Amino acid sequence: MKVLIIEDEKELSNSICTYLDSESFVCEAAYDFSTAMEKISLYDYTCIILDITMPGGSGLDILKELKANNKSDGVLIISARNSLDDKVKGLKAGADDYLTKPFHLPELGARVDAIIRRKVFGGKNLVKIGNLALNIQEKTAMANDKLLDLTRMEYDLLLYFTGNKNRVISKGAMAEHILGDNMDTAGNYDFLYTHIKNLRKKLLQAGCPDYIKSVYGLGYKFTV
Amino acid sequence: MKLFTRYNRINLFATVIIFLLSGLAFYFLLKYVLIDQVDEDLKIEQHEIQTYAGKYHQLPEIIPVRDQRTGYMPVGKDGGERQFTSIWLKDTIEKQPELFRQLIFYITVNNQCYRVTVRKSLEGTDDMIRSIVTITLATILLILVVSFFINRLVLKKLWQPFYDSLAAMQQFELGKNKRPQFAATNIEEFSIMNETLSQATAKAHEDYRYLKEFTENASHELQTPLAIIRSKLDVLIQDENLSESQSRVVQGAYEAIQKLSRLNQGLLLLAKIENGQYTETATINVSEKINVKLEQFGELTASKGLRVTTAMDEKAVIEANPELFDILVNNLLSNAIKYTPESGNINIIVEEGLLEISNSAASAALDESRLFRRFAKSGSAKEGIGLGLAIIRQAAEVSGFETRYVFEEEQHHFLLITDKN
């Protein structure tokens, strides 16, 4: 699967590329408008990560070009603009998702994963990973063909983990995923520990291997 | 105290003092002159008696006159120099004590020494002085009344441009686009003052705009490097060779960056609100909004064991920008949750025109004057970024709402008055 990162900030582009890079992904980068236009006309990508503001033209024009050519590439807009208007505009133009800068890479990973799931697997609602099977539509999870009794939060976390498998996810990124802009309100990560602990326990009880590993004080890693 | 009042007071005081002093001086001078006049008369009387005695060798016969009494008294020897004195005597008719001026001198007629007393009534003089004092007092009163009205009318008219400028300045608010307009005046001082005020407000306006732009630009410029640092750290922690001590270092950096990002977002949000980017309004049901928000915060209230009670008028609606109101409610609730101690209470009251959120206090009352300022953190709130309440106030102001803080019964009450009537 190929991912195109259209982002004028090379360092950010590199980070995204390094983070997403795995056996199943190949990342390409375009640092300006014309390169991006050239690449989208020549190749097909599973997912395009698109910065709206870039030198030489607007990311929205790239999006329009894609739609005009009936390309089915999934598009994730990353933008520093966070107003509702900008989001609506981006999504109306045909983007699949909209992520505001600055973001955590695991958040980007989970969003890209969701887009790819929709695009590649034709909206198939079942995600299989290890002994687990997640039903996206019904928001349920099965372990070894047995339904897991998960809270909404635990299910969310599990889905988030599967979108970032084999990567270390920082506690900050996780807290922000759950609470959004309100993570400041929490003050500490205590609420996170409780949920992870419960999720881990339920997975172990269902006969799964210990997928969720704590990485020092940094965060967690979901390994399959 | 008003300038007029002050001026009038000084003016009245000075006028009264001057008139009293001059009245007093006038009184004594007049008295001196008049008594001197009487003394002259008495001297003439003496002269007449002496001339008569010298010519006829006998004392003149006493002719009774109403205002003048003369008396002779034989004495053993000459008493010396003549002397003038003032004396109170009973009036023969009215039996009232009356002031007389008397002259005593000695005269020798036919080897007999007489003491002669000539007395003249001062009643006429007194009358004169009295009428002069009355006239003086009447004049003072008249001048006072006239000057009072002149001050009132003329000064008020003269100072009108000053009051106009003052009113214009009172309307002036930094950050609003309206500059104060000063009416033209042909009085030099006021015209200079208006010009100075005009320049000062323009300068303040310009400085403020510049500062605002700077904050906004700085925040914008910070966005990208922050995003890069954060992404690099996200990549760095993937490294499997990271030791535990290195991880701790990364963790520290990671959290600082996180805080910096939030701070920056807060500043950007403030700039956006100030720039009036949230203008479109819609009718919003307050209790519905609160319920949605409470559900979003459910995770946090549950983990802290907070008890949330509500008393909401479900029909209460407000006219506001939906995004801005979302920010307002979000920050108010977030604040309440953040600063309520574990298993504390949060109460929410929604009425027409009022939203009140109160929470159990871990500390004493907060200083309201500093509370809504940027970065005006109290000592206990280390984890906050110090912009929450500033954003609340800014968002409320832009929406035409009023924010208020009250400390009552060990609870912090934050009030959002959405309808000032």
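The legends below describe close-up views of a predicted model. In this model, local features need pLDDT of at least 70 and side-chain atom pairs count only at pLDDT 80 or more, while totals for chains, interfaces and linings use all residues. Residues are numbered from 1 along each chain as its sequence is written, and chains are lettered from A in the order in which they are written.

**View 1. The open sheet of chain A.** Five strands with parallel pairing follow the order β2-β1-β3-β6-β7. Strands (E, at least two residues) and helices (H or I, at least four) are DSSP runs, numbered from the N terminus; two strands pair if DSSP finds at least two bridges between them. At the edges are β2 (26-30) and β7 of chain A, each pairing on one side only. From one strand to the next, the twist averages 20 degrees.

**View 2. Strands β6 and β7 of chain A.** Strand β6 (residues 74-79) runs parallel to β7(A), and four bridges join them. In this pair, A:L76 stands opposite A:D97 of β7(A).

**View 3. The cis peptide bond between A:K101 and A:P102.** Omega of this bond is about -5 degrees. A:P102 lies in the loop between β7 (97-100) and α5 (105-120) of chain A.

**View 4. A:Y216, a residue with positive phi.** Phi is near 45 degrees here, and the residue is not a glycine. A:Y216 sits in the loop between β13 (212-215) and β14 (219-222) of chain A.

Terms used. Axes fitted to C-alpha atoms, helices over the stretch in contact; angles between N-to-C directions.
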